[in-house]
Amino acid sequence: MATAVRLSGITKQFGSLKANDGVSLTIESGTIHALVGENGAGKSTLSNIIYGLLRPDSGTMEIDGKARSFSSTREAIDEGIGMVHQHFMLVPTLSVTENIILGKEESRFVLPGKRLGTQISKLAGQHGLEIDPNALVSSLSVGQQQRVEIFKLLYRKSNILILDEPTAVLSPPETERLFATLRSLVAEGKTILLITHKLDEVLTVSNAVSVMRKGKLVGTVQTAATSKEELARMMVGRDVLLRTDNPEQAPEQAVLDIEKLGYVSPQGIEKLRGLSLTVHAGEIYGIAGVEGNGQSELLSLLWGTFDRDGKTDGSIKIGGKPTLGLSPAEIAGLGVSMIPEDRLKSAIVAEYGIAENLILGRHREQAFLRGIGFDRQAVRRNAAAMTERYDIRSSTPGANPPIGSLSGGNQQKVVVAREMERPGLKLLVLAQPTRGVDIGAIEQIHKRIIDARQKGLAILLISSELEELIALSSRIGCLYKGAIRREFSEAEVRKGREHESGFEQEIGLHIT
Ligand SMILES: Nc1ncnc2c1ncn2[C@@H]1O[C@H](COP(=O)(O)OP(=O)(O)OP(=O)(O)O)[C@@H](O)[C@H]1O
Ligand SMILES: [Mg+2]
């Protein structure tokens, strides 16, 4: 079999940290090769090196049997290498077509017209990727944006596709569609390097798996000859509990009461229609659904960030108080915390340090103030405590590096820590809380969510991971086209937990 990529002794250092430490790895042509490892293990760094975004300090690389060293992504792209980044790199103010041809314009005198739109629709149809070529990227859901990113590589005729956590943002049916696309690409002779934290997916779709830990390659195994447990052990270096312990608890008074909530966007599109649900103290209400069925709108109405030119209907009450129309600060003042779905856009400031990001939006808390300014020491102490408690790892432990230099999963841990530790909390709204987080850290975050519930918090959990919803939720509502189409009671969820795969299928019927 021909070799698409051969890496030998790749090393890349950031400060004193070896993000990649002598990594040697071979990827066969025409295969799906998975790359797994804990947050911060060095997966994105390694892919960025193959893609010419980063230059290794030492080591060599062969592409299709020829020695290569890229000094820019342009050179890598010309060699047929394409990458979809962990954090998308689309231009929100441009259309889908414009984004797809960006950097690959046929001629700078020809503007993207109808012909290109048709060509794109056709190519999209072939690979089962539904895309409206004229839509503005800013109007697309995260899942749709990702389809555009993959599409961009197809348009560029990339032969080696690197996908950095492509399924983190997808619901199960979308993931299956993506996998079908990947299989058809491999059948055409393309090679795929797939980075993911979801070991079930690795086992379903890949041919071989490489595992990284702390910058080093632990090993490469054939998928057919390995198991979830073995991969988890290779990644973390210990046995991992793959199930969450979820003791029974009687719910108390209602904290969040949503009644017949409706929302019509300024463009006149009905996004929510008569959505009703109640979340009690001591209860986790899970919302299952394919992205784009009203999740984003529900979140923005709950948090007070929705577009006021749209039209609302019905009511939201938190602790009995109507909140529709209040500002985010006023809503937070009622004891509400939220982890938004897109942390990069709305939950962190990349250039600020970890310590500052840990108090974003919480900077008026007495504990962080001294006189008219900040109590720097208190801010640092908080950072040290949270770093320890949530296992936030950076390349310079003890220092306060910009959060943008942390690996994706570690950025997520910062947001989770900040929002879950807000004092006086009554209601926690969690959207995709473990997106991009490794299995060891998921185990910890799940424990914290259950702890919070046992302390009497009301929790609304929106997740595209059915496994996560089933493991954590007291009740589950299926969101479809802006309303709860079916609600599973506590007894049903409890029973479903015992027959997980059957229950996943049953939920699936109500969300598609
Ligand atoms: N530009 C940078 N400056 C400093 N440190 C960096 C930089 N980029 C990455 N690192 C560090 O290198 C290490 C490896 O990061 P990388 O992003 O490759 O991890 P990863 O395996 O992709 O993790 P995740 O699963 O969380 O995405 C991390 O400790 C990270 O903080
Ligand atoms: Mg990464």
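The following questions and answers concern the fold of a predicted model.

Residues are numbered from 1 along each chain as its sequence is written, and chains are lettered from A and ligands numbered from 1 in the order in which they are written. Local features need pLDDT of at least 70, side-chain atom pairs count only at pLDDT 80 or more, and totals for chains, interfaces and linings use all residues.

Me: How many helices and strands does the chain have?
Reply: Helices (H or I, at least four residues) and strands (E, at least two) are DSSP runs, numbered from the N terminus. Counted in this way, the secondary structure comes to 18 helices and 22 strands.

Me: What is the radius of gyration of the chain, and what does the globule rule give?
Reply: The C-alpha trace spans about 65 × 55 × 50 Å along its principal axes. The radius of gyration is taken over C-alpha atoms, and the globule rule is 2.2 Å times the number of residues to the power 0.38. The chain is as compact as a globular protein of 512 residues, because its radius of gyration is 23 Å, close to the rule's 24 Å.

Me: What percentage of the residues in the chain is buried?
Reply: A residue is buried if 20 or more other C-beta atoms lie within 10 Å of its own, exposed if 12 or fewer, and partly exposed in between, with C-beta atoms placed from the backbone. Of the 512 residues in the chain, the buried share is 44%.

Me: Which domains does the assignment give, and how far apart are the C-alpha centres of domain 1 and domain 2?
Reply: Domain bounds come from an automatic or database domain assignment. The assignment gives domain 1 (3-236), domain 2 (254-335 + 424-511) and domain 3 (349-414). Between the C-alpha centres of domain 1 and domain 2 the distance is 31 Å.

Me: Which helix supplies the largest share of the side of domain 1 that touches domain 2?
Reply: Two residues are in contact if their C-beta atoms, placed from the backbone, lie within 7 Å; the contact takes 17 residues from domain 1 and 13 residues from domain 2. On the domain 1 side, α5 (142-155), α6 (172-187) and α8 (228-236) each supply at least two residues. The largest share, 3 residues, comes from α6.

Me: What is the strand order of the open sheet of 4 strands?
Reply: Two strands pair if DSSP finds at least two bridges between them. The edge strands, each pairing on one side only, are β2 (17-28) and β5 (66-68). Strand β4 (residues 58-63) pairs with β5 in the antiparallel sense over 3 bridges, and M61 stands opposite R68 in β5. The sheet is antiparallel, with the order β2-β1-β4-β5.

Me: At what angle to β1 does helix α1 run?
Reply: Axes are lines fitted to C-alpha atoms, for helices over the stretch in contact, and angles run from 0 to 180 degrees between N-to-C directions. Helix α1 (residues 43-50) is mostly covered, with 8 of its 8 residues buried. This helix lies across β1 (3-14), β2 and β4, and its angle to β1 is about 120 degrees.

Me: Which residue of β7 is the bridge partner of V84?
Reply: In strand β6 (residues 81-84), I81 and M83 point one way and G82 and V84 the other, and all are buried. Strand β6 runs parallel to strand β7 (residues 160-164), to which 4 bridges join it. The partner of V84 in β7 is L163.

Me: Is L153 buried or exposed?
Reply: L153 belongs to helix α5. Leaving aside neighbours within four places in sequence, L153 is in contact with G82, V84, S158 and L161. L153 and V84 are 69 residues apart in sequence and 8.0 Å apart in space, C-alpha to C-alpha. Because L153 has 23 C-beta neighbours inside 10 Å, this residue counts as buried.
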